[in-house]
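Open the model in your viewer and keep the sequence panel beside it, for this tour moves from one selection to the next.

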Amino acid sequence: MLFSMRTSQSKAAALFGLMIAQIFCAVFFVLDVIADYREAGTEAAYHLHLYVETLATFSLVFAIVFEGKFLLAMLRRQAHLEESLSNARSAVQDIMEDRFSDWGLTPSEQDIATFLIKGFSTSEIAELRGSAEGTIKTHLNAIYRKAGVRNRTEVLSLLLDCIMVTDKPAT
């Protein structure tokens, strides 16, 4: 997630940098078109090159405005999605804590259950906690018993059921 956020921020920065370069070019072309019209004077109406240059300059300015609005919309959308993700993480954490409390898990069991939900193996949990695998297995069995399940898959299933429950409209 953090890598993805950094990547999208660097992409936004790169787009912003390109827009700055385009703005510099647009200013140059606008000034050039104004100078060409002044130089051509009354004969400007007969210069096809001047019309094409004016059209290209206005197209560049329009593209910069469009890109700016698009970039701002993308950044707003990203901020909204990041906020939604943060809220979802918080809600999932609340659900996990509620289930752990309902199951009567000890703090050690809650810690191990969290690692379990994150997908760590028994040996990885033991290493992370600085415990023996046998101790972790004992805790896992206590977690399964307290939750009324037989294995880690059923623990995950219980939590997913809690997360995915929606209120059904009355019929």
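Which residues in α3 meet which residues in α4? Before selecting them, note that this is a predicted model, in which local features need pLDDT of at least 70, side-chain atom pairs count only at pLDDT 80 or more, and totals for chains, interfaces and linings use all residues. Residues are numbered from 1 along each chain as its sequence is written, and side-chain values use heavy atoms, with hydrogens and water left out.

Select Ser 108, Asp 111, Ile 112, Phe 115 and Leu 116 in α3, which meet Ile 125, Leu 128 and Arg 129 in α4, where contact means heavy atoms within 4.5 Å.

Now show the whole of helix α3 (residues 107-117) and helix α4 (residues 122-129), whose axes come within 10 Å and cross at roughly 130 degrees; axes are lines fitted to C-alpha atoms, for helices over the stretch in contact, and angles run from 0 to 180 degrees between N-to-C directions.

Next, select helix α5 (residues 133-147), which has 15 residues and reaches 21 Å from its first C-alpha to its last. Colour its buried residues (under 20% relative accessible area, 1.4 Å probe, protein chains only), which are Ile 136, Leu 140, Ala 142, Ile 143, Tyr 144 and Ala 147. These buried residues of α5 pack against α2 (48-103), α3, α4 and α6 (152-164).

Keep α5 and α3 on screen together: the two helices pack at an angle of about 90 degrees, with their axes 10 Å apart.

Finally, step just past α5 to Gly 148, which takes a positive phi of about 75 degrees.

How values were computed:
Helix = DSSP H or I, 4+ residues; strand = E, 2+ residues; numbered from the N terminus. Expected span 1.5 Å × (residues − 1). Buried < 20%, exposed > 50% of the residue type's maximum accessible area, 1.4 Å probe, protein only.
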